[in-house]
Amino acid sequence: MPDESCRAFDSITPIDPGVLQRFLVGVDAGPRQMSAAEVDALGDPFARLLIAQGTFPRSAEAVVESIKAAVGAGTPLKRHSSFILGEGSQLSVGPKTAGVDRSLRFVVTIGSGPDGPDIFLSAFDPKQPGGIELMAWDRNEGGFNFYRSTGPKAIWMFAGNSRDALRDATRGKGPFESHRSGALLMKELKSPWINWHSPDAGIAANVFAAHDRRRTHEWFKDKEPTGGLSFEAEAARPAISRWADARFSRFESDGGNINRPTMIIEQILTTPTVNIATTHVESGALQPTDLLDLPTGFFIDAEGLSETLGLEAPPFFTVSGAIYAKSLEKFDSHLSDGTGFRQKGDTHFCFLALERAFEDQVVLRKAITIGLLTRRLAACLLMVDPWNPIFSGRRRALLAHLPATALIANAKSSFSDEFSTAILDAAAAGPTGTPEAEFAERWAVGTNFSRHFNSLLKDYYRAVKAQLRRQAGFDSYFRLAAERRRRFASTMPIAEFSLLLPVTDIAAKTRSMQSDGTVREG
Amino acid sequence: MPKLDSFSTPAKLPDPNAADWSARVERLFAKSVRADRPQFYDPTKSNTPPGSERPIVSWVAFPAALRASVPSPHQRWKLADEDRLSFQDEYCEWTVARSGAKITKVTFTTEVPEYWEHLFETAPDQVVALYQELVDPRVKQADLQDSEGNYQRQNRWNNIKPGRLAHLIQPASTLSAAVELVAAATVARVKNGVPVTNQQELVRCAQLGNPLRNSDPQISAAANAAARAGDEVSLADPLGLYLGRPLTSGIRTPDNADAAEFWKIERGHGEHVVRARFEVPANRGYLVGDIEIDGRPVEFGGQIADRVQVTVKPIVKSAHHALEPKPCK
């Protein structure tokens with residue numbers, strides 16, 4: 001069985017580094033030389049300015065310098081920005097942490113504009129040959145072209161375009177194992193941007209060993225001062241929206257035909273990927289009298305339900321520092337690098353939780369805007385098991401009734417009618433308590449659904465707030481958070497570094513939130 | 001560089017009474033330079049060697065405390081716009097002007113109130129003229145002072161809604177607070193035998209302000225990191241808080257114009273901007289409210305404030321102080 005993960009690129013046999021290889025994992029058995037015509041068809045600046053000109057930079061630093069050298073003064077590609085992150089970047093520096101792999105790495109963007117940068121690259125060491133991941137926007141086809149360089153000779157491979165993330169043969173394979181919908185990935189998208197150098201937590205030079213060349217490299221010394229904040233605003237969100245725009249505009253040029261609406265609806269009803277959120281409170285500064293601002297996305301899909309659909313926004317969910325500290329103690333929360341380092345407590349910012357990914361939120365908005373989903377259908381779908389914003393088996397079950405195709409004309413489509421009818425038919429034919437029956441209940445409220453749905457949400461918010469005042473109530477949320485993290489780590493390769501998540505002694509068990517704010521186990 | 005001759009005015013703004021301002025800042029430093037803070041110095045009293053580092057400390061103008069306590073972006077932007085005094089506490093304040101419901105411009109300031117007090121004391125006519133130019137042509141001197149003739153920071157024109165603002169009014173956002181913060185942060189701290197280095201922990205340990213603000217923890221951490229390395233710390237001339245470039249990449253305009261063009265500097269220049277506005281030039285035919293950020297139209301000044309950076313520049317003078325960490329307060 002061939003390795004179809006993103007690690008497939010690391011085990012190739014040495015080949016000519018002066019030629020671009022194509023390795024579309026899932027289609028190609030291994031790297032194969034691309035023809036001049038194939039290279040010419042690549043419409044991104046990395047291919048156009050370097051590869052097509054016979055330039056194959058060996059290091060990440062050389063990529064940036066070569067691109068900047070290839071363009072004229074005053075062009076956006078003349079400017080780069082560097083960022084640094086690392087899962088162990090906030091651990092204190094001292095003898096106990098001297099041997100810890102902090103997974104420090106650089107992300108560099110080149111270019112800027114309303115759609116964000118044209119090129120993103122990631123590397124552990126600017127000067128090291130190979131080991132570079134690069135995405136560059138294809139101005140001909142739309143979408144990002146994904147590249148990898150590997151080995152000491154820095155063999156460059158074209159690994160696919162964002163569109164390949166949505167094709168059966170390549171879906172979930174190679175780079176699309178992580179970039180599930182072909183979008184840029186920024187797990188820690190929101191303030192306080194855990195693991196990134198940011199206004200909320202700086203990464204100091206002494207995290208590098210004294211002799212480490214990265215310590216004095218300009219990418220570190222001249223990094224964007226606001227780090228994660230700038231990256232979120234100027235790079236990640238625009239890049240994710242840019243791909244969504246290109247992806248959805250293709251439907252217009254295809255005469256409104258959406259051949260596989262499942263690719264869209266799966267992003268709305270299931271959890272292809274996640275974003276990581278935390279409180280704004282540093283673990284090291286935690287006081288019993290603190291009120292920790294628990295991430296809203298742990299409890300409810302606030303962005304989808306409230307920001308997009310206008311339903312009742314959640315209140316400020318907090319837990320006291322005293323209750324939180326007891327949970328940490330009770331469940332033996334600690335950090336571990338898997339090779340001997342162990343530190344009692346939590347990640348740098350307290351309570352790391354997972355929430356619906358921004359790339360999936362953008363797709364929800366787009367699906368409504370183009371007329372694929374009516375607001376009523378979107379609201380009724382998301383109000384099925386809304387207490388579990390991620391990993392909801394109940395919402396996933398509704399995919400069984402999805403129409404195979406959709407046609408949109410003048411921002412209208414029969415898709416919503418067909419989809420809702422199919423679910424309602426299944427509800428009528430089935431027992432009570434099914435996801436379909438829950439949907440039917442929501443649908444029966446009618447077109448003026450806001451008041452009723454808001455009432456359900458308010459009851460839930462009140463119940464959650466009551467649970468958060470009790471140690472036992474918060475303990476159950478702590479277990480639920482751990483269970484979701486366990487599922488994330490076991491199913492998503494983006495959980496690649498051991499210091500990303502806290503470790504607890506909580507046994508693996510199916511856990512889900514219920515409408516009354518309690519957690520069901522088993 | 002030898003000793004600084006005098007402190008410049010913020011952003012080196014032209015001022016016929018600049019010497020008075022410098023004297024005022026020297027008095028302010030005198031309160032913060034203390035024997036128990038040997039690593040903080042007044043650059044007009046001690047040398048600053050050439051090559052001393054001047055790292056830029058920057059943070060975002062939108063108040064972190066609000067961001068951390070109001071989950072809905074829509075709600076937090078609205079709250080911040082509505083109440084400058086209660087919420088805009090990151091050494092940066094803004095006001096919004098509208099045409100109907102649509103935003104036409106958002107004006108930002110980092111001008112410290114002490115400077116306006118100095119101006120009023122030394123050239124009251126100039127202050128009135130500035131108010132008339134920047135805030136409202138109807139401003140009179142009597143509107144700006146109390147019954148004894150003292151300048152009122154929170155006078156009715158500087159806290160008018162809707163309207164334009166003159167300078168900072170939030171009580172925590174003063175030059176003296178910034179200087180004292182840097183000075184106090186030069187003391188290394190230790191807790192349970194372990195050096196305190198993380199931002200919020202340091203702010204808590206040394207009681208350096210609000211750990212959930214953007215500004216206090218950042219400024220403190222930068223000064224403290226330099227002090228822990230044995231160096232001495234001060235603030236670079238011209239002393240002040242400055243507006244950095246707004247993060248405009250990713251802002252979508254109706255005609256695909258680069259939104260960076262809409263940032264108009266009103267006072268200051270280059271790295272030293274103390275007042276600027278975000279406004280679409282009239283010839284483009286649309287308003288700020290027609291612009292989108294992350295797919296949402298700009299409905300609040302807070303959406304722009306989310307992307308405006310504020311900066312301060314410490315001086316780090318190489319030295320070899322032996323550390324004498326103090327326990328937490």
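Good morning. I begin with a pocket in chain A: domain 1 (6–231) and domain 2 (254–521) of chain A both give residues to the lining of the second largest pocket, so this pocket lies between them. Please keep in mind throughout that the model is predicted. The second largest pocket has a volume of about 1,000 Å³. Its lining has 36 residues, and those nearest the centre are A:R105, A:S122, A:E133, A:H179 and A:E496. Two or more lining residues come from each of the strands β4 (105–110), β5 (119–123), β6 (132–137) and β7 (144–150) of chain A. By class, the lining of this pocket divides into 21 nonpolar, 7 polar and 8 charged residues.

Rolling a probe the size of a water molecule over the atoms shows where empty space is left. The count here comes to 6 cavities of 30 Å³ or more.

The largest cavity holds about 990 Å³ of space. Of the 48 residues that line the largest cavity, A:K190, A:R237, B:P71, B:P73 and B:R76 lie nearest its centre. Elements of chain A that supply at least two residues each to this lining include α5 (228–253), β10 (274–277) and α10 (358–369), while chain B contributes in the same way through α2 (64–69) and α3 (73–82). The lining of the largest cavity has 21 nonpolar, 11 polar and 16 charged residues.

The second largest cavity has a volume of about 100 Å³. Its lining comprises 14 residues, with A:D200, B:Q200, B:P211, B:L212 and B:R213 nearest the centre. The elements giving two or more residues to this lining are α2 and α9 (199–206) of chain B. Of these, α2(B) gives the most, with 3 residues.

The assignment for chain B gives domain 1 (1–112 + 171–329) and domain 2 (113–167). The centres of these two domains, taken over C-alpha atoms, are separated by 23 Å. Their contact takes 31 residues from domain 1 of chain B and 24 residues from domain 2 of chain B.

Which residues have the most contacts inside the largest nonpolar core? They are B:F108, B:W116, B:Y131 and B:L144, within a core of 86 residues. Helix α8 (residues 175–185) of chain B provides the largest share of this core, 8 residues. Both domain 1 and domain 2 of chain B give residues to the core, so it lies between them. As for B:W116, the residues it touches include B:V127, B:L130, B:Y131, B:Y151 and B:R267. Apart from this core lies another, of 68 residues, among them A:C350, A:L372, A:L398 and A:F449.

I close with some details of the backbone. A cis peptide bond joins A:S191 and A:P192, with omega about 10 degrees. A:P192 lies in the loop between β8 (155–161) and α4 (218–221) of chain A. In chain B, the peptide bond from B:D237 to B:P238 is cis, with omega near -5 degrees. B:P238 lies in the loop between β6 (232–235) and β7 (242–243) of chain B.

A:F351 is not a glycine, yet has a positive phi of about 55 degrees. Is A:F351 buried or exposed? A:F351 counts as buried, because its relative accessibility is 2%. B:Q207, also not a glycine, has a positive phi of about 55 degrees. B:Q207 is exposed, with a relative accessible area of 54%, and is placed in the loop between α9 and α10 (215–228) of chain B.

Terms used
Residues numbered from 1 in each chain as written. Chains lettered and ligands numbered in written order. Predicted model: local features only at pLDDT ≥ 70, side-chain atom pairs only at ≥ 80, totals over all residues. Heavy atoms only, no water. Core = buried A, V, L, I, M, F, W, Y, C linked by side-chain atoms within 4.5 Å. Buried < 20%, exposed > 50% of the residue type's maximum accessible area, 1.4 Å probe, protein only. Helix = DSSP H or I, 4+ residues; strand = E, 2+ residues; numbered from the N terminus. Domains from an automatic or database assignment. Contact = heavy atoms within 4.5 Å. 1 Å grid on protein atoms, 1.4 Å probe; cavity = no way out; pocket = protein on both sides within 12 Å on 5 of 7 lines; lining within 4 Å. Points joined across faces, edges and corners; volume = space filled by probe spheres on them. Nonpolar A, V, L, I, M, F, W, Y, C, P; charged D, E, K, R; others polar. Lists of a residue's contacts leave out its neighbours within four places in sequence.
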